[in-house]
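Please open the structure in your viewer and keep the selection panel at hand.

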Amino acid sequence: MIKHLKCLRLLAVLTFLGSLNPSAWSQTNLYPLWVKGPDSNRVTVVFLAEGYRNTGFTVFRNQAQALVNQILSKPPFSEYQNHFNFYAIAVPSRESGSDLPVTGIFRDTFFNSAYQNYGQSQLLMVPPNEFDTNYARGQGKIDALIQTYVPEADVRVVLVNNDLFGAATVPGGLTVIASTDNAYPLTDTLLHELGHSLGKLGDEYETPFPEFQGAEEPNTTTQTNRNSIKWRAWINPTTPVPTPETAAFNNLLGLFEGAHYFAKGWYRPKLDCRMRTLTNSYCEICTEGMVLAFNRNLNVIEESVPLSKQQIHTNSDAVTYSLKLLQPAGHALSVQWFLNGIPVAGQTGSNFVFSPQNQGNGIYNIRAEVSDKTALVRTDLDRVLLRNASWTAEVKLPVPQEPIRISAEVTATEFSLQIPKINASRYFVDNSTNLLTWQAAFTNLNPNAPFVFTQPLRFLPWPQFFRIRVE
Ligand SMILES: [Zn+2]
């Protein structure tokens, strides 16, 4: 399905951008490529076309769709494909390609992208960059388009229509840029860049890059104390730390020197990884970081019913509490229901049937704990793989009352009334001589024990009637 974007909705954007040609916006197309739920509860990725003339929109759309299919087929994306939404926004450039300013090649493109930034021939960026510092001519247009069409987007991928290898992740990680060249499979390039943008992963290679050094990432460290290494849960006790680059440790996790743009003093978790060599797969630590990132800003409990978290049950009908879950592709989430903090045996499905009749009057906490016990994650410090839904349920059923048998006894001098124990908080006893006017005889605040009311016979006018009111 193609949504043709309306010019009307773009007025605010045009005001903001000022210099943009309105006819260019009227040719903008939004293509939903893979939509599995609301953008607010998915990892939402948007491709944007750079250096495509409007006659190239179909090519762009097909390229983006092929990339989506390939990304979703690679671990750990394949396991979490239901967690993603993908869209493509096509905007027309007047010319194909991208700038090579050092070489003297300039192309009139929508986001004014350029290679050769900061002395790196492959560093492909939109403004602000080394050659054009005007935010409004590059990143500003991306931000405005996203705000208009997919405001909940988590990552934007600018696809640059140029057969020269280039890629970058804009510092901050929201925007990834990659060219459509075939020097490397574009999927591999993108997966590496998505490692930066989504997983906040670092580069594990050693090529010096003085402009960007930054702090430690989930997969890079300067820490050499085994017990303090953040990925220590993955290092066998028999693996030396630091770890030698020998065949024995090729496929093991450890602490390998050389990472984060330094050959010395910085360490990576595995001999090789997609964050070191584009065409490799992610190492276990990077995979763990990606899975945590996929789950960090969404809730796998998509809906919990009843919607109101304060429930009052005034009749004895059983009530079903239920969850709608966002499931991984190849394994099921684990569920446990709790009643007043105690796990309920066997209650591990998406529904929990609560019986007010069986529980009796009182206030209950009903809670479902949903966890993703994937083997891909060993360290989840922020507990992003654990989600809860909970309700307060008050049961207020009418209290059924057994018939109360009151017996009276009269002796020569005394009258006594025998009242059995009663299931109530208190009762009142009234007396009357005519069944028309009643007066309070006594109140019993402790009805859980039998009670005998005794009066000297001479104090009681005759006849004498008693009645009891239970609360
Ligand atoms: Zn890695």
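What share of the contacts in the chain with a separation of 6 or more is accounted for by residues 24 or more positions apart? The share is 63%, where two residues count as in contact if their C-beta atoms, placed from the backbone, lie within 7 Å. Before going further, note that this is a predicted model, in which local features need pLDDT of at least 70 and side-chain atom pairs count only at pLDDT 80 or more, while totals for chains, interfaces and linings use all residues. Residues are numbered from 1 along each chain as its sequence is written.

**The whole chain**

Select the whole chain and colour it by secondary structure, which comes to seven helices and 23 strands; these are DSSP runs numbered from the N terminus, with helices (H or I) of at least four residues and strands (E) of at least two. The radius of gyration is 36 Å, well over the 23 Å that the globule rule gives for 471 residues, so the chain is more spread out than a compact globule; the radius is taken over C-alpha atoms, and the rule is 2.2 Å times the number of residues to the power 0.38. Along the principal axes, the C-alpha atoms fill a box of roughly 125 × 65 × 35 Å. Buried residues make up 35% of the 471 residues, a residue being buried if 20 or more other C-beta atoms lie within 10 Å of its own, exposed if 12 or fewer, and partly exposed in between.

Next, colour domain 1 (3–197), domain 2 (226–279), domain 3 (301–395) and domain 4 (407–470) separately; these bounds come from an automatic or database domain assignment. Between the C-alpha centres of domain 2 and domain 4 the distance is 86 Å.

Now select residues 284–296, which form helix H6. Its end C-alpha atoms are 18 Å apart, in agreement with the 18 Å that its 13 residues should span at 1.5 Å a residue, the expected span being 1.5 Å times one less than the number of residues. Because 12 of the 13 residues are buried, H6 is largely enclosed by the rest of the structure, and what covers the buried residues includes strand S3 (43–50) and helix H5 (186–197).

From there, select asparagine 219, in the loop between H5 and strand S8 (256–259). Asparagine 219 is buried, with 31 other C-beta atoms within 10 Å, and the residues it touches include Ile285, Cys286 and Gly289, which are among the buried residues of H6.

**The sheet S21-S20-S23**

Finally, show the open sheet of three strands, in the order S21-S20-S23 with antiparallel pairing; two strands pair if DSSP finds at least two bridges between them. Strand S21 (439–444) and strand S23 (465–470) stand at the edges, each with a single partner strand, so one side of each is left without a neighbour in the sheet.

Zoom in on S20 (residues 427–432), which five bridges join to S21; tyrosine 427 has asparagine 444 as its bridge partner, and phenylalanine 428 stands opposite threonine 443. S20 and S21 form a hairpin with six residues between them, and in the turn leucine 435 has a positive phi of about 65 degrees. S21 is hardly covered, the count of buried residues among its six residues being zero.

How values were computed: Lists of a residue's contacts leave out its neighbours within four places in sequence.
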